[in-house]
Amino acid sequence: MSTPHRRAAVGAAALSLALALGACGGGLKEGSSSNDSGEDAKGDIKLGMLTPLSGSSAAIGPYMKNGAQLAVDEINAAGGVDGRKLALTVEDEACDPKTAAAGAAKLVTAGINVSVGGYCSSATLPTLSIFGKADIPMLIPAANSADLLKSKLKNVFLVNGTGIQQSQAASDFIKSKGSKAVALLDDNTSYSKDITTRTADNLKNAGVAVANKQSVTAGESDYSGAVTAVMRAKADFVYWTGYYQEGGLLIKQLRSAGYKGDIMVADGAVDKKLVEIAGQANAQGTYATMTQTPATIPGGDAWIAKYKKAFGSDPGPYSPQAYDAVRIAAEAVKEAKGSTKGEDLITALEGIDGFQIFSGKLKFTPEHTLSEGGFDILVVKGDDFALNS
Amino acid sequence: MTDPSLPRDPAGTQLPPEESSAYVRAVETKQPANVAPAGTGLTPAAKGHGPTSASRVVSSPWFAVAIVVLAIALPFIDSGAYTLRIATDALIFVMLAVGLNVVVGYCGLLDLGYAAFFAIGAYTAGLLSTTFGWPIIATIPAVVVMAVVGGLVIGAPTLRLRSDYLAIVTLGFGEIIRITANNLDITGGPNGLFGIPDFGDFGYRSDVTIYWFTAVVVSLAVIASSRLGRGRLGRAWRFVREDEDAAEAMGIHTYKVKFAAYVTGAIFGGLAGVLFAVHQTAISPPSFNFLWSALILMAVVLGGMGSTPGVVVGALVISLLPELLRGAENWRYLVFGVLLIVVMIFRPQGIWPHTPSEPASAARREPDPQPEVTA
């Protein structure tokens, strides 16, 4: 009975050994990176974007995709980069590390030259090494956890302001409001907790008391536990650093529990949906820390009109950053004299100085973050966020 | 041997008396096609009499060999980064599913927190390799130890109880592990661990090396689980699943036997965790949520509980279908869900259900006057 099994097993072992030893597949050898497209300097410049098109953050995906597409269309209409067209491929990351990693591999297989995507930090982390091994520079428009930079990978550039800048803006604003007891709430994701931790440190240095700092579980519908803790701490300022889904519910439940103080949210929660979920009456006057957007900078109206004309809807969060990421990628190819090799592009990106993007003049710091990237304070007026004056 | 010409009432009520013993005879003469003549759910009664040539092909050991060889040869056929990525993901999922199959399929213990062992494996390997700088291979014994400890902690108190309690406790255990990982500083909190090294430099591209390593480990795991299921312990597991009291009465130490199944499942899950950590290079708590436990369980049920080839097929379907549906964007999981429901309506017993293979030898042993002694 065991004879055919044994023979089969031996056969399998021998056959696989033969295959492995006689490995003629040159493509499997080390160094034969999938990004061989650096050689065909004549073809399209391929850009890849990972963005959530499904899952809890699916609302953001189209904003980023359209923002990038707008830049691609503009550059192509103006003759491309030295006569070469840009081509954009979008894959779903679903805010899930495994899906994001598979999407990244799909983009690598498609032969992209530059990655201009990345929304959720925890989903972007596993893609770093995939793009890194394929020698593809990454211009990350949204994800901004400090962890993305901890491995000190050469190919990673953050186009969004980081938690350091955001928490500075938040603590400055909280101090200016003269708050006595601050409650800091995060959803225990890397992005969110990074900001609350830094804000707490800043506030402590500024002499503002942090009455309550807690992490809530994302994806729940009842946050009465968190609300009770805030009420008991007699907080007069609540800062939520998670995403809009839970943010909306928290605002609603805080207000119905009789909370009278100020509420502020971080950039992940800046979306019309927040107002929808919280209810317009509850959300009125909610502040937000947000990177500069076309809606908040002078002369941004023209850009919004262009976007509206192209896609029939208003730009949303991270549309401008995605737009900028594509423009920076095109600029880098131009600076690298048409080369799409990873190291040439990285050198070119590090050398860019004074290129105009929404958040100011672009120059990457040695850590590959923006050297200047102001955060604005927004406030809910009506059904959307507007610049706080 | 059943005579196919015998008249059979479609309702199955007025069967001639010989027909009932024919059922037993059918089992004994290894004709699984005749075992369930009534059919279940919406499926028609089994039509086949005796193994068809197709089923003879797929049940031959050479078929399994062909699959293994094909799996190992995949990088020669298509070495694209995407293909290898989803193939490795799928193989890791196969490992998880055959591991859970030991617990749920063989022994009938409903484990709703299987991702906990997956997380224990991934975090142990990740922590030892990043924080303490161990080579990833060296972490495997530690992972096995941690998985066994996890299995002991949960299994020892709960396996004395009935299966329903185990389901609730494991459900809690899965969440406890995930939330603990989310709140401890050493596990990187919500950020998780990143920069996990791979198996080393063998002159091949790192994703090819990882794929081959995974393919070999998973093939061995599938063979091991299949052989475990056919051995003495495997039969004891099935007995416990069918009737725990009867098994105990027949002298099977049900607690020990259930424990063996649970700990075996834990080890499989832990090893899959190592492969996952290496493959992802970054692990964070959301990768080990309840959805994962549910998906692994779904692979087992979809494939056919207790059937190794079925579970492998089920795992491949569950793992690859969402990737193949990538184009559907936000509709992806809706389509995925609908397809699963369709499969469960038309194949409630699973894609490739388990067919008992022991009766042939049992029948041979039957006339043996020496009664078998059970330990």
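Burial comes first: I call a residue buried if 20 or more other C-beta atoms lie within 10 Å of its own, exposed if 12 or fewer, and partly exposed in between, with C-beta atoms placed from the backbone.

**Ground rules.** This is a predicted model, where local features need pLDDT of at least 70, side-chain atom pairs count only at pLDDT 80 or more, and totals for chains, interfaces and linings use all residues. Residues are numbered from 1 along each chain as its sequence is written, while chains are lettered from A and ligands numbered from 1 in the order in which they are written.

**Two positive phi values.** Cys95(A) has a phi near 60°, and I found Cys95(A) in the loop between E2 and H3 of chain A. Helices (H or I, at least four residues) and strands (E, at least two) are DSSP runs here, numbered from the N terminus. Lys152(A), also not a glycine, has a positive phi of about 50°; its loop runs between helix H5 (147-150) and strand E5 (156-158) of chain A. Is Lys152(A) buried or exposed? Lys152(A) is exposed, because 10 other C-beta atoms lie within 10 Å. Cys95(A) is buried, because its count is 25.

**Strand E1 of chain A.** I looked up residues 45-51 next: 7 of the 7 are buried, so strand E1 is largely enclosed by the rest of the structure. Ile45(A), Leu47(A), Met49(A) and Thr51(A) point one way, and Lys46(A), Gly48(A) and Leu50(A) the other. For pairing, I need DSSP to find at least two bridges between two strands. E1(A) runs parallel to strand E2 (residues 86-92) of chain A, joined by 7 bridges, and Thr51(A) stands opposite Asp92(A). The chain gets from E1(A) to E2(A) through helix H2 (residues 60-77), in a right-handed β-α-β crossover (with the strands pointing away from the viewer, the path from the first strand over the helix to the second runs clockwise). E1(A) also pairs in the parallel sense with strand E3 (residues 114-115), over 2 bridges; there Gly48(A) has Ser115(A) as its bridge partner.

**The seven-strand sheet.** I traced an open sheet of mixed pairing in chain A, in the order E7-E6-E8-E9-E10-E13-E14. Its edge strands are E7 (209-215) and E14 (384-387), each pairing on one side only. The twist averages 25° from one strand to the next. Within the sheet, E6 (residues 181-186) and E8 (residues 237-240) of chain A run parallel with 4 bridges, and Leu185(A) is the bridge partner of Trp240(A).

**Domains of chain A.** Chain A splits into domain 1 (37-160 + 318-358) and domain 2 (164-293 + 377-387), with bounds from an automatic or database domain assignment. Their C-alpha centres are 30 Å apart. I count a contact when two C-beta atoms, placed from the backbone, lie within 7 Å; 12 residues of domain 1 and 11 residues of domain 2 take part.

**Chain B and the interface.** Chain B comes to 15 helices and 2 strands, and 44% of its 375 residues count as buried. How many residues of each chain meet at the interface? 41 residues of chain A are in contact with 40 residues of chain B. Helices H1 (2-21), H3 (97-109), H4 (121-133) and H7 (190-206) of chain A each give two or more residues to that side.

Terms used:
Axes fitted to C-alpha atoms, helices over the stretch in contact; angles between N-to-C directions.
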